[in-house]
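I opened my notebook to look around a two-chain model. Here is what I looked up, one entry at a time.

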Amino acid sequence: MRPFRYLACASVEEACAALRAHAGRARVLAGGTDLLLELRRGDGPAPEVMVDISRLEELRGIVAGNGTLRLGPLARHAELAASEPVRRRAGLLAAAAGAVGSPQVRNRGTVGGNVMNAATCADTVPPLVALGARLTLRSAGGSRELDIADFFERPYVTRARPDELLVAIEFPALPPCARSAFVKLGRRNALSIARLSVAAVVDRDASGRITDARIVPGAALPVWKRAREAEAMLVGQAPSEALFAAAGRRTAELMIGETGRRWSSEYKEPVLAVLVRRALEACC
Amino acid sequence: MDKLTLHATINGRAVTVETEPHHTLLDLLRDTLGLTGTKRGCEVGECGACTVLLDGVAVNSCLVLVPQVEGRRVTTVEGLAEGEMLSSLQEAFLDHEAAHCGFCTPGMLMSAQDLLDHNPAPTEQEIRAAISGTLCRCSGYVQIVEAIQDAAGRRRGTGDKARG
């Protein structure tokens, strides 16, 4: 690994000042589970400065209140997976966090890192998109908020500026009766990258008809989005295998529409459709 | 580049050592401190051979930069025994022949240690989940799981905890 200058930050302000001072030549270190791989590969210009934010208490934490959940970017995947408020009111996110890598990776990797790294296979992003998360970015010049659905330019590239730090992820808690699911397909049952994933939410009224449906495929599209047409097929309907299968096929059509036919499409198209059906069934 | 003086507790002992910020905890343990029980496998967090406990939880030491160890507690496989006395977890691994080539064994032991320290009566499923971050190419995992189940029972008798 190429050497770099190391900076331990005592505050968010210090971290932002460092990112501004070393514009473009600094990297932010939190859990390190993606960053160290990148450093080892040696892609791109070597970072001159490593800005370590991992000890900033103000960036930790999972806070539930007023019908919202607010995550510090340093919340580790293991913490999210075990968190009672996340499991209860954002179950798909707890499931996704619990599916990242391995126990060892989950004990270090952070949700903020997962979002900022913006890998197409990121596990926590589809749930955050389904939850309608808002991101708060801070820099030496101030703060701004973005919807997560507008945050990604293309794989591995976010719309954050090089001098900005992600400081909060916030989303409305799911209604108490809503059900959610996250399904992940990888080459192994653990220690694997998602080849495809699906985040889903289904809410129904007293008669069992679907009132809200959210479907976000992962490792499928160039940037994450809700499969709106597939969702629209479900609203007002009673759940059924045939209905969910049709929504699955519509989601797969969305994928093909966005990516075109690729070498992997012959596999991914029918498989994504099935994963969507399974995710929706898990919600009912 | 910058040198770094690291202060940490390794297997219960306070350690002060000169290193550099771009070194990993794995490099420090093996190359600087001569603690070669922790293995270098993939170095990308995909095999678990380098697993140690950092402040009591299992992590891939290949993915921890040394500055992040400042002031922290590290436990390696060398920290499980008390002198010549193996822990009940290690005894169980021996009794069940859970080590074949032995390369994954330190990682397995440390993941098992984390599990048993936090969940003294794990189910088989919980054991399998706890070791899911360490790959074994020899054993098919059966004897490792049995050893951990056995160790859980033995520990409830003796109250073993690793140093560090």
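**Entry 1: domains.** Before using any domain, I noted that domain bounds come from an automatic or database domain assignment. I also noted that this is a predicted model. For chain A, the assignment gives me domain 1 (5-52), domain 2 (57-172) and domain 3 (179-282). I then looked up how far domain 1 of chain A sits from domain 3 of chain A: their centres, taken over C-alpha atoms, are 36 Å apart.

**Entry 2: one leucine.** Next I picked A:Leu69, which I found in strand E5 (residues 68-71) of chain A. Is A:Leu69 buried or exposed? I counted 25 other C-beta atoms within 10 Å of A:Leu69, so it is buried, as the cut-off for that is 20 or more. Then I looked up what A:Leu69 touches, leaving out residues up to four places away in sequence. The list is A:Ile62, A:Ala64, A:Pro85, A:Val86, A:Arg89, A:Ala90, A:Phe171 and A:Ala173. I also checked A:Leu69 against A:Ala133: they are 64 residues apart in sequence, and 9.5 Å apart in space from C-alpha to C-alpha.

**Entry 3: a helix pair in chain A.** I moved on to helix H10 (residues 241-259) and helix H11 (residues 265-282) of chain A, which pack at an angle of about 140 degrees with their axes 7 Å apart. That angle makes H10(A) oblique to H11(A), because only angles over 145 degrees count as roughly antiparallel. The crossing of H10(A) with H11(A) is right-handed. Among the residues that meet there, I jotted down A:Phe244, A:Ala252 and A:Met255 from H10(A), and A:Leu272, A:Val276 and A:Leu280 from H11(A). The residues of this contact split into 11 nonpolar, 3 polar and 5 charged.

**Entry 4: a helix pair in chain B.** I did the exercise again with helix H2 (residues 88-95) and helix H3 (residues 105-118) of chain B. They pack at about 130 degrees, and their axes are 10 Å apart. That makes H2(B) oblique to H3(B). H2(B) passes H3(B) in a right-handed crossing. H2(B) brings B:Leu89, B:Gln90 and B:Phe93 to the contact, while H3(B) brings B:Thr105, B:Leu109, B:Ala112, B:Gln113 and B:Leu116. I sorted the residues of this contact into 5 nonpolar, 3 polar and no charged.

**Entry 5: where the chains meet.** How many residues of chain B are in contact with chain A? I found 26 of them, against 25 residues of chain A. On the chain B side, the largest share is 4 residues, from strand E4 (residues 57-60) of chain B. That side divides into 13 nonpolar, 9 polar and 4 charged residues.

Definitions and conventions: Residues are numbered from 1 along each chain as its sequence is written. Chains are lettered from A and ligands numbered from 1 in the order in which they are written. This is a predicted model: local features need pLDDT of at least 70, side-chain atom pairs count only at pLDDT 80 or more; totals for chains, interfaces and linings use all residues. Two residues are in contact if their C-beta atoms, placed from the backbone, lie within 7 Å. Helices (H or I, at least four residues) and strands (E, at least two) are DSSP runs, numbered from the N terminus. Ala, Val, Leu, Ile, Met, Phe, Trp, Tyr, Cys and Pro count as nonpolar, Asp, Glu, Lys and Arg as charged, and the others, Gly among them, as polar. Axes are lines fitted to C-alpha atoms, for helices over the stretch in contact, and angles run from 0 to 180 degrees between N-to-C directions. Angles under 35 degrees count as roughly parallel, over 145 as roughly antiparallel, 65 to 115 as roughly perpendicular and the rest as oblique. A crossing is left-handed if the near helix is turned anticlockwise from the far one by less than a right angle, and right-handed if clockwise. A residue is buried if 20 or more other C-beta atoms lie within 10 Å of its own, exposed if 12 or fewer, and partly exposed in between; C-beta atoms are placed from the backbone.
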